[in-house]
Amino acid sequence: SNPHPHHHISNTQDPDPQFPNPNDDPNPNHPLQPQSHPQPRRPRGFAATSAAAAGAGTINKSRKEREKEKERTKLRERHRRAITSRMLAGLRQYGNFPLPVRADMNDVLAALARQAGWTVEPDGTTFRQSPAPAPAPTNASNMVMSVESPVSGSSFRNCSTRASVDGQPSVPRINESLSPASFDSIVVTESDTKVDKFTSTSPMNSTGCLEAGQLMQELHCGEHGSSFAETQYVPVFVMLSSGVINNFCQLMDPDGVKQELQQLKSLKIDGVVVNCWWGIVESWVPQKYEWSGYRELFKIIRDFNMKLQVVMAFHENGGSDTSGMFISLPQWVLEIGKDNQDIFFTDRQGRRNTECLSWGIDKERVLRGRTAIEVYFDLMRSFRTEFDDLFTDGLISAIEIGLGASGELKYPSFSERMGWRYPGIGEFQCYDKYSLQNLRKAATSRGHSFWAKGPDNAGYYNSKPHETGFFCERGDYDSYYGRFFLHWYRQVLIDHADSVLTLATLAFEGIQIVVKIPAIYWWYRTSSHAAELTAGYYNPTNQDGYSPVFEVLKKHSVTIKFVSSGLQVPETDDALADPEGLSWQIMNSAWDKEINVAGHNAFPCYDREGFMRLVETAKPRNDPDRHRFSFFAFQQPSPLVQSAICFSELDYFIKCMHGEINNVES
């Protein structure tokens, strides 16, 4: 009999000698090899317990390793998405590619193909409609860099076609220095003092583009002549000064208003924008509304046959556009605030901001038996009833709903009253007791009650990101707690907008509703986007902070009014600002969701070059979908009739917006 029957079975199962069974004994008759194998004894008692514990420890260890590997995979995926986001931002900003917010590789390939002159159909079919263009001349004087900004790039494109008017088509070129490393430089760490030539927001500041003299010549050739002739028509509305109505709801200077409207009428503007202040209309007694001054003002506007947009302003006015006139919240609200200061936004030091009511009381009956949402709705309903004839006649074309500080959908994180100065990161505004109760509830439902607090290392109003542990590179903003807190902070903003707009669309059914979106462009080229985070927009490099907000706005069919800075940030900007990059992210995100976009200038007066940047933003000529602003609201200097310099530039700006510029000389 075979002393090793298991060997015989193994050989039967694997008869191929080229692949011997590793369990076979190579020399079964070796004298030192034992001929029998005693069965090991099963451990008992303490030994059995120790063996079981060792086995469980091995299982727990393997489970922990798997969890660690999952976390490493998540980190690698976030890093990959961050790189992709920077590359797409570079293509949008410096190549002027109209990529959707959530672009994939197919979108990038299609954009590159279209840029090269190919036709790409929705099903992916790609072809040329005409023969390939002749090679471009190699003469350096005829080369045009293809690094374009959304604002001034098309001006350069107009100029570049002049070199080929003799019949030889120009060929778009791709700048070879636009490598992935260049795209990566769009996000600059705060500790890095080097700023490469592609971190500028416009080719105007890039030393690698054209010489200064040639650059200005190219710019002017785009501005004058028929640059904007026969382009799309963008209506222009001019904001009237809030000082025309005093705190007793009386029209201050009817003759001055008529003179101003006559001046604006000569510019062929499409209408005017009027702020309707909660602090004036419902100033002294709850639910007692005074509209007499606005009724008189609207009658004058109707006599001039102008369209009217009205802003429901539920915030205070500090006097920046009213020659120092201050308009507070209603007096009866301030009286309530003396006994219950938590109705106002509060920072980490406990300081109260009376610019607007805290969103924590949206559904709290602390305003003489009403919630904040009900107070807003009652005012809107009263306005709709009072001016029903103007709605019926079509005089009022749109209603803008104020949703936060300065009438914009944001937290009051940049209050100059609290000492903030540009480019400070601002502070989180969530320390009133109602907001903290909301945060505590969210943390408890998440299973981490110790997260029910604001960050304690987020700095102060004028801190810089790298000076804080929360916003610095690889800071706590991207930790488990940081992501939880920022998501909650943004969700409060979204819920507030949703609640107010639900009632606004009910009060103004059939009327265009407008919501104002802020332009928080400083620290945009850092990883954390600290200033946007404190304002309520969770928009670091690995997140799209505007898309979730716009999903709610789309539900209510609103038009977003984006504050366009018109600024050209210098290459050595210490705040790592990027107004153009932010503009294109917001506009593309809105247009991707089929939301109408309007514009509003951040500063009351511009030179010719600044106005042209606003025009280029309002109707980008390289957009294959021919997107444009639905209207532009211009905040004028006060008073307009005393600003002769701005008046002439405003006239040129309006003609460009209307597409009427034709051989106009500067």
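Q: What is the average pLDDT of the chain?
A: The chain averages a pLDDT of 78, and 70% of the residues score at least 70; pLDDT is the predictor's confidence in each residue, from 0 to 100. Over residues 22–34 the pLDDT is below 50, and this stretch has 10 contacts in the model beyond near neighbours in sequence, a contact being heavy atoms within 4.5 Å. Residues 130–226 also have a pLDDT below 50, with 169 contacts beyond near neighbours in sequence.

Q: What kind of model is this, and which pLDDT does a local feature need?
A: This is a predicted model in which local features need pLDDT of at least 70 and side-chain atom pairs count only at pLDDT 80 or more, while totals for chains, interfaces and linings use all residues. Residues are numbered from 1 along each chain as its sequence is written, and side-chain values use heavy atoms, with hydrogens and water left out.

Q: What makes Trp 291 and Phe 387 an aromatic pair, and of which kind?
A: Rings of Phe, Tyr and Trp (its six-membered ring) pair if their centres lie within 6.5 Å; planes under 30 degrees apart count as stacked, over 60 as edge-to-face and the rest as tilted. By this rule the count comes to 44 aromatic pairs. For Trp 291 and Phe 387 the centres are 5.8 Å apart and the planes are at 85°, so the pair is edge-to-face.

Q: Where in the chain do Trp 291 and Phe 387 lie?
A: Trp 291 is in the loop between helix H8 (278–281) and helix H9 (292–303), and Phe 387 is in the loop between helix H11 (372–386) and helix H12 (388–393); the pair links distant parts of the chain, 96 residues apart. Helices (H or I, at least four residues) and strands (E, at least two) are DSSP runs, numbered from the N terminus.

Q: Why is Trp 291 called buried?
A: Buried means under 20% relative accessible area, exposed over 50%, partly exposed in between (1.4 Å probe, protein chains only). Trp 291 has a relative accessible area of 5%, so it is buried. Phe 387, at 0%, is buried as well.

Q: How do you know that the charged end of Arg 384 sits over the ring of Phe 391?
A: A charge sits over a ring if NZ of Lys or CZ of Arg is within 6 Å of the ring centre and within 35 degrees of the ring normal. The charged end of Arg 384 is 4.4 Å from the centre of the Phe 391 ring. Arg 483 lies over the face of Tyr 480, at 5.1 Å from the ring centre.

Q: What makes strands E6 and E7 a pair?
A: Two strands pair if DSSP finds at least two bridges between them. Three bridges join E6 (residues 344–346) to E7 (residues 352–357), so these antiparallel strands pair. Thr 346 stands opposite Arg 352 in E7. The strands E6 and E7 form a hairpin with five residues between them, and Gly 350 in the turn has a positive phi of about 85°.

Q: Why is the contact of Glu 386 with Arg 295 called a salt bridge?
A: A salt bridge is a side-chain nitrogen of Lys or Arg within 4 Å of a carboxyl oxygen of Asp or Glu. Glu 386 and Arg 295 are at 3.9 Å, N to O, so they form a salt bridge. Glu 386 lies in helix H11 and Arg 295 in helix H9, so the pair ties together parts that are 91 residues apart in sequence. The structure holds 22 salt bridges.

Q: Which residues are linked with Arg 295 and Glu 386 in a network of salt bridges?
A: Arg 302, Asp 389 and Asp 393 are linked with Arg 295 and Glu 386 in the network. The side chains of Arg 302 and Asp 389 meet at 4.0 Å, N to O. Arg 302 lies in helix H9 and Asp 389 in helix H12, so this pair ties together parts that are 87 residues apart in sequence.

Q: Is Lys 593 buried or exposed?
A: At 11% relative accessibility, Lys 593 counts as buried. The side chain of Lys 593 meets that of Glu 551 in a salt bridge of 3.2 Å, N to O. Glu 551, at 43%, counts as partly exposed.
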